[in-house]
Amino acid sequence: MSSIILPGRRRGVRDKISRLHWPLIILLTMIAGAGVITLYSVAEGHWQPWALKHALRFMAAFVIMAGIAMVPIRYWLAMAYPLYFASLAALMAVPFIGVVNMGAQRWIEFGGMQFQPSEAMKIGLVLGLARYYHGLRAEQVSHILYLIPPALMIGAPVGLIFIQPDLGTALLLAATGAIIIFVAGLSWRIGFAAVIGAIAAGYSAYRFEILKEYQISRILTFLNPDRDPLGEGYHLLQSKIALGSGGLDGKGYMEGTQSQLKFLPEMQTDFIFTIFGEEFGFVGAVGLLLLYFAVIITGLSVAMNTKSHFGRLVSTGVVATFTLYVLINTGMVMGLAPVVGVPLPLVSYGGTVMLTIMAGFGFVMSAHIHRDQDMYRSSDL
């Protein structure tokens, strides 16, 4: 259904800056700061090659976040579908012009820089689904005919990402889409049936060898890390050793033996939480998780306090993506989830993920700044 947008009172730039969610900004900066000091430690006390770039990328991403926040949420409503389809087009281009790294074709290179379209799709999907459900009446949300478009909107990018192959990102994207649909008002009966269907699909993928051999091996290693301690189980076992050796208060900054002696792989990306836990112990690890929890609660508070249905769904979708990042990564390094390539947001090294997270919170900030902006659906009038 079409939407009727009532612009409300126009706000100047200074007024918008004052209305930025500064507690959320402080929380995000503290988490990124934890990433900088950990990357400095991983590099044995050097700013290169990771810590300085991480700090500079955060500052650049912060400017982008602030820029997105300044734009009224009603304009992002108008741009939601174009941004979704642009992200989908970039994903479709990967098999033809994508760059292969570490055996996977996931990146597009231009201007000497590499960009991962699947990261952009995490925001594009949130915007697209929020725009779709903004125009529906409550009774339409659970109607089977109105479930077909969002199913296609989710299924198309998930399928493209799965064949790259990138199972972790595909699952994260599917989960984010499902959360937005549930928040939009999907009947719990349909939701329960969907969960059963997802479990059946997962079993079928395993039973009929749809998954890659290495993906099946990761699942088996998750269930029993000792089956191959020097091969597939090496990463997980070393991660558990590092976390356990940190004890209550840690071995001390830059004193972690597993990291300094290079026992842990991918220390600057997927396993960076392990380094933090080894050096700062249980207290430090819990402290970092509490920062993440505070960001999640703050983001949900923004969602609940905005008048716009679109802004509410976008904020919820961004927070859901952020939460899944944290849960999957920390669960992975603690042996509570299979090892997949999902980084720890704002702490792991990586420019595209940093941009995705900060841009996402830019939309949350826009919803917060313009929280009193009326964006009525035509069905509500």
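In this predicted model, Leu-346 is placed in the loop between helix 13 (309–333) and helix 14 (351–369), and its phi is positive, about 70°, although Leu-346 is not a glycine. The residue is also buried, because its relative accessible area is 2% and buried means under 20%. A positive phi is found as well at Met-254, where the angle is about 65° and the residue, again, is not a glycine. Met-254 lies in the loop between helix 10 (234–245) and helix 11 (257–260), and with a relative accessible area of 27% Met-254 is partly exposed.

Two further loops hold cis peptide bonds. Another joins Gln-164 and Pro-165, with omega at about 0°, and Pro-165 is found in the loop between helix 6 (144–162) and helix 7 (167–183).

A search of the whole structure finds three salt bridges, which are set out here.

| Salt bridge | Distance, N to O |
|---|---|
| Glu-119 and Lys-122 | 2.8 Å |
| Glu-139 and Arg-137 | 2.8 Å |
| Lys-251 and Glu-278 | 3.2 Å |

The side chains of Lys-251 and Glu-278 meet in a salt bridge, and because Lys-251 lies in the loop between helix 10 and helix 11 while Glu-278 lies in helix 12 (residues 272–305), this pair ties together parts that are 27 residues apart in sequence. Lys-251 counts as partly exposed at 31% relative accessibility, whereas Glu-278 is buried, with a relative accessible area of 0%.

Glu-119 and Lys-122, by contrast, both lie in helix 5 (residues 117–134), three residues apart, which is about one turn of the helix. Glu-119 counts as buried at 2% relative accessibility, and Lys-122 counts as buried too, at 3%. In the remaining pair, Glu-139 is exposed, with a relative accessible area of 55%, while Arg-137 is partly exposed, with a relative accessible area of 31%.

The surface also carries a nonpolar patch, formed by Trp-188, Phe-192, Val-195, Ile-196 and Ile-199, which together have about 570 Å² of accessible area. Among these residues, Ile-199 lies in helix 8 (residues 188–207). Is Ile-199 buried or exposed? Ile-199 is exposed, because its relative accessible area is 56% and exposed means over 50%.

Key. Residues are numbered from 1 along each chain as its sequence is written. This is a predicted model: local features need pLDDT of at least 70, side-chain atom pairs count only at pLDDT 80 or more; totals for chains, interfaces and linings use all residues. Side-chain values use heavy atoms; hydrogens and water are left out. Patches are made of residues with over 30% relative accessible area and no salt bridge: like charges are joined within 9 Å, nonpolar side chains (Val, Leu, Ile, Met, Phe, Trp, Tyr) within 5 Å. Accessible areas come from the Shrake-Rupley method with a 1.4 Å probe; for residues, only the protein chains shown count as cover. A salt bridge is a side-chain nitrogen of Lys or Arg within 4 Å of a carboxyl oxygen of Asp or Glu. Helices (H or I, at least four residues) and strands (E, at least two) are DSSP runs, numbered from the N terminus. Buried means under 20% relative accessible area, exposed over 50%, partly exposed in between (1.4 Å probe, protein chains only).
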